[in-house]
Amino acid sequence: MTTVNNEGSAAANILSNLSIKEKEPETKTNELGQSAFLELMITQMNNQDPLSPQENTEFIAQLAQFSSVEGLEKLNSQFETFSGSFMSNQALQASSLVGTSVSVPTDTTQLMPGGIVAGSVDLEQSTSDMRISIYDEGGSLMGQVPLGSQPSGELVFRWDGQYMEVNGELLDWSMGEEPVAAGDYRFEVNANVDGQTEQLATSLSANVNSVTLGTNGEIILNLAGVGAVDIGQVTQFN
């Protein structure tokens, strides 16, 4: 018994010293190439029932179906490449907006040093009394601009921190002897319509600080005093 154990141990030592490399498994994919498809079709033809052979139209239909799938895969790949290039070009063009001003639907924006805030409202019908109230970042009322009666349509105003211009005309009104400090300001436009006071939606200008490309390819403008806004919400490039 001892001899058998020694022989077994010696054989095990010899086998352990042999350098035997296992063959690495081949990477399998689910893709069916054109050559593999043709090989599969030929095999199908060689093994078909001689008494009931498959018609040529069926083979042609299979080949046409494979070609369609292969064409769609190539088309999808090319479209993804084109889409990525298109979004990159869009982001590059949008980056030229940095440092410029755009108008978006908002009631709050930032007055830049030496800058001007442009705003607009839409009046569906004429009003007998209209006024613009300006609040600072803390919510304190800084000034109120009486505009009196106004016709229906778009009303455009511009404010430099001291004076107000409405529809191209400078008003006989001022915030004070000196312009207010640069910072964030909120604008509230109220109009008297049919005896009731209504607050109108405003669109204000804001400086573009930076541009961001979103995860879904959307272009986001980061506006001073406003925040992140989709470029599709821009109503005017100033």
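**Close-up views of the salt bridges**

Welcome to this predicted model, in which the count comes to three salt bridges (a salt bridge is a side-chain nitrogen of Lys or Arg within 4 Å of a carboxyl oxygen of Asp or Glu). Local features need pLDDT of at least 70, side-chain atom pairs count only at pLDDT 80 or more, and totals for chains, interfaces and linings use all residues. Residues are numbered from 1 along each chain as its sequence is written, and side-chain values use heavy atoms, with hydrogens and water left out. Side chains of opposite charge can pair when their charged atoms come close.

**View A. Arg 131 and Asp 129 are joined by a salt bridge.** Here the N to O distance is 3.4 Å. Arg 131 is partly exposed, at 28% relative accessibility (buried means under 20% relative accessible area, exposed over 50%, and partly exposed in between, with a 1.4 Å probe and protein chains only).

**View B. Glu 165 meets Arg 158 in a salt bridge.** Look for the N to O distance of 3.5 Å between these side chains. Glu 165 has 26% relative accessibility and counts as partly exposed. For Arg 158 the relative accessible area is 37%, which is also partly exposed.

**View C. Glu 188 pairs with Arg 186 in a salt bridge.** The closest N and O atoms are 3.2 Å apart. Is Glu 188 buried or exposed? Glu 188 counts as buried, because its relative accessibility is 16%. Arg 186, on the other hand, is partly exposed, with a relative accessible area of 26%.
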